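Me: I would like to learn how to read helix packing and overall fold from a model. Please take me through it.

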Amino acid sequence: MSYEGENKELLKSVLEGTFFDDFKNPDREGNLFGTLEIQLTSQCNLKCSYCYYSNVVGHGKELNKPGVATWDQLGKNTDILFNWLKENNYIPKTIDIFSGDSLIFKQSHDIIRKAVQFYIDIGYKGSVVVPSNMSFIRDPELVKSIEDIIALGAEHGVSVPISASIDGKFADKITRLPVKNVDIDEYYSDEFYDDVFAFCKRNHAGFHPMISSENIHVWKDNFVWFQSMFEKYDLAWNNVYLLEVRNEGWTKETIKQYGEFMSWTLNFTYNMIGNSVLPSNLPKYYVDNFVFSSEDYRGSSMNLFNNISIIGRGIGCSLQTTLFVKMSDLTCNSCHRLSYDALNGFKFVVKDDKIIDIEPLNITFYMATLTFEHKALPYCENCLIKHLCSGGCPGAQFESVGDAFTPIPSVCLLQHMKLKTQVEFFKRLGVFNYVVSKLNSELALTMIEVERMSNE
Amino acid sequence: MNLTTTGVAAEIFAASWCNLDCAYCSIPKHNQMIKDKHQEIIRDIIAVTPIINRLRKLYEKDQLVTISHWGSEPTLTLQYFDDFYVEAVKEFPNLNSIQLSSNFMTRPGIISKFISNLPLDREFTIDVQMSLDGESWVTEVNRGEGTTIPIQNNIVQFIRDVNAIKDLKHEVKVHFKPTMSKDQYESLLTGDKLEDHYRFFDQLLIRMYDANIDRKVSISNDCDPTLVCPDKYTKRDGQVLSEFYKAVNELGSRNLYKYAVPSFSTYYGTIDRVMKYGNELFTKSRMFTCSAGDTQFGISEYVQPCHDTFYTPYDEVQDAIRNDLGRINSSREVDNLDSGRTKNTKRTMFVKIEGITQQKMDKFQYFMRGFHDFYKFRVSFAVSVIFAMAKCGQVNPCYKNKDMATLLAIFATNRHSCLTRNNEYTGSMHLTDPAYFKLFGNGLLEQIIEKGLSK
């Protein structure tokens, strides 16, 4: 067999043992590789400061060149991919729609509808997840269009969760500027946010703002604003997923600000929970139900303790559990942020509008991302907090350090700050030993050591 | 300002042009840029200070020990280095080692004259690698017609010339570097070709020893062929290499030759080293990596890990790679260019020395140390791929066993821990090309382990 033939054989064997196997058994217990992420376009109306996908400030031009595929082509490739899934009885539990922004283009609604229809056709109650910067809210036709799709899904048990990527009233004006030159106060008006929250209330959408080095200084005000909006729209106070941007750019000063914000936020959550729990029971209740998320809080601790949770894969993000496909050319990469041509994993081969084969590209890199354990990476290998660190972002590391597996030093400092803040918080509450008792030995020893060092 | 504290060796871009165009060479010869660059290098050598200043910026004064001449054919510029070394010994008090690799297609007198002109107030060790691939059916396919005899004659003449140097203070060492493609390896297993390969070198060694009248040259007898790396190795190539290893060892046990010793000892040496020092693999992993970007740097107008990337920064050479597709592995090189992996290598592995700052160097060093000081990820990646290969029969079934897979991973990552090639071919310097797992995991490593156990 030729070198190329052997690469194909190896790739098929790996895919059949992972994604394809779980796609065949979507409801099997322990299904790990059940997500399909399709990437439509990198085009977006915003130029967020931390966005790698932006063609204005990020690496968008290299990641997914705008104009390489028309909407017609994207629609056609979607049909080709979904037909292939059907022919092989492959059922992803979730289909993520990824792009610059998926909902500002009418054409992308057609593709989202195709994803919902795919589940309806095969009679499976899957999820079609759509993150959006919510700019579509300014266009009633687009709002109606997506709500029609949500309703169509709901009729057949297919959920279409929208994830609202807004950073908040105070942060948006810093980090999420429009590409077009507009009056920013008018653009991010109170009416805009009212419409967004009303939509999210109607459609059970969550919020995932980004905490970045550029906007950290306003985050306390921003968080308070989020809470006021949650109250106004009768949404749960923890209906927000706080995600730190793990790009380079964090400085000593901004990491300090982050620590202060984290400390303040942790106190806030404790007080919120304290409103409904007897004071004597509160500390342990907080640990049991919020630090280690329970149904009492819809399993959401706002991502504040993601580093403490145990995951069954090598990195906290979904990189190792998601089959990522660029719909412009049906190329598969490790994830959206690693979708550089240099790192293309493989490609679906199409003939007469049918997928007939797969063509290996850089399968070495693909297999590496599929199998690595972040605690074993260079520098992380010997790091004290590796067991209580959520890890860096391989894409950001590729862009910044030049190697996807080598951490960004300033992000390491950020992770240290997060843990230090948590340890201090647990000590303030008098639950440090209780938290430690709930951790496995590796995590517990790390936390004890961090606590000891913070005393010295 | 000395920007590294670890550097003891410098590989300098000493020549850009070559008088040969070998089939496996990664440098495309048909472009004007490398001719122009060659002239620029000569001007820098004659001017002395440009290269000295680069070294002075990067290396601690007392720490630079070795300078090696790389690029293409270093003997094409050797005659211009006399003044450079006069200055270099003043600047670097512990500099005492010079290395170069030659195709011996230029007049051998150039090297011996270079040696005799070296400053007399310093005792140097000069290590010369002799690139000769084997009998004419190998050498002339790889290096061009009519090369075999002149190379042999020039090598012998060089030994003679060194012996003729009066009051030679320096130690001169020579060793062969025969390189073969996978097809040539397979051919060696047919008929008497393997015996003839070693006989060819044995006869040359006899002539070399005869010319070494005053024993002024220390001659290494090793003439085992080395494989073209990287290349598209398959399971079948691994099986051939295993057969080859067996055949070489059987041949070695027959004591047929006066000097040549068929042994393939380099492979056994790797596992022997791992066995001896294996408990330090994860604590001092730099003991097991090559020196590129650790104790040694490639020096052109850029600082870089080693000589391997001397041509990478130049767009003209990359254009030439696309047009010069007759070379072994050129299709994969084009893929590296088209995919952007070469561009990423340019971005991460080079710092322009003019205007270099400690901050830029620190970033470069942070990147490099990630390779040299950490091993767990490299080996765990290799193990996971070896398992996947064993599952679909691309390596022997014994590698389904975790310990065996780990041993193969350690062996392969130690044999081929080339950070620049890894970066170019896989997108990360930590990822060894899985082709090597097939090369070593189809019988070769098992034989080496058996040999080790019997010892």
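Me: Which residues of helix α13 of chain B are buried?

Reply: In this predicted model, α13(B) covers residues 341-348, and its buried residues are Arg341(B), Thr342(B), Asn344(B) and Thr345(B). Viewed along the axis of α13(B), these residues fall within an arc of 160°, so they line one face of the helix. The general idea is that an α-helix has 3.6 residues a turn, so residues three or four places apart point the same way.

Me: What do the buried residues of α13(B) pack against?

Reply: Their partners in chain B are α11 (315-323), α12 (330-339) and α17 (419-426).

Me: At what angle do the axes of α1 and α2 of chain B cross?

Reply: Two packed helices are described by the angle between their axes and the distance between the axes. For α1 (residues 32-47) and α2 (residues 49-58) of chain B, the axes come within 5 Å and cross at roughly 80°. That makes α1(B) roughly perpendicular to α2(B), because angles of 65 to 115 degrees count as such. On the α1(B) side the contact involves Asp44(B), Ile45(B) and Ala47(B); on the α2(B) side, Thr49(B), Pro50(B) and Ile51(B). By class, this contact has 4 nonpolar, 1 polar and 1 charged residues.

Me: What is the radius of gyration of chain A?

Reply: Chain A has 22 Å; a compact globule with 456 residues would be near 23 Å, so the two agree. The C-alpha trace of chain A spans about 65 × 55 × 40 Å along its principal axes, and buried residues make up 47% of the chain.

Methods. Residues numbered from 1 in each chain as written. Chains lettered and ligands numbered in written order. Predicted model: local features only at pLDDT ≥ 70, side-chain atom pairs only at ≥ 80, totals over all residues. Buried ≥ 20, exposed ≤ 12 C-beta atoms within 10 Å, placed from the backbone. Helix = DSSP H or I, 4+ residues; strand = E, 2+ residues; numbered from the N terminus. Arc of directions from axis to C-beta. Contact = placed C-beta atoms within 7 Å. Rg over C-alpha atoms; globule rule 2.2 N^0.38 Å. Axes fitted to C-alpha atoms, helices over the stretch in contact; angles between N-to-C directions. Parallel < 35°, antiparallel > 145°, perpendicular 65-115°, else oblique. Nonpolar A, V, L, I, M, F, W, Y, C, P; charged D, E, K, R; others polar.
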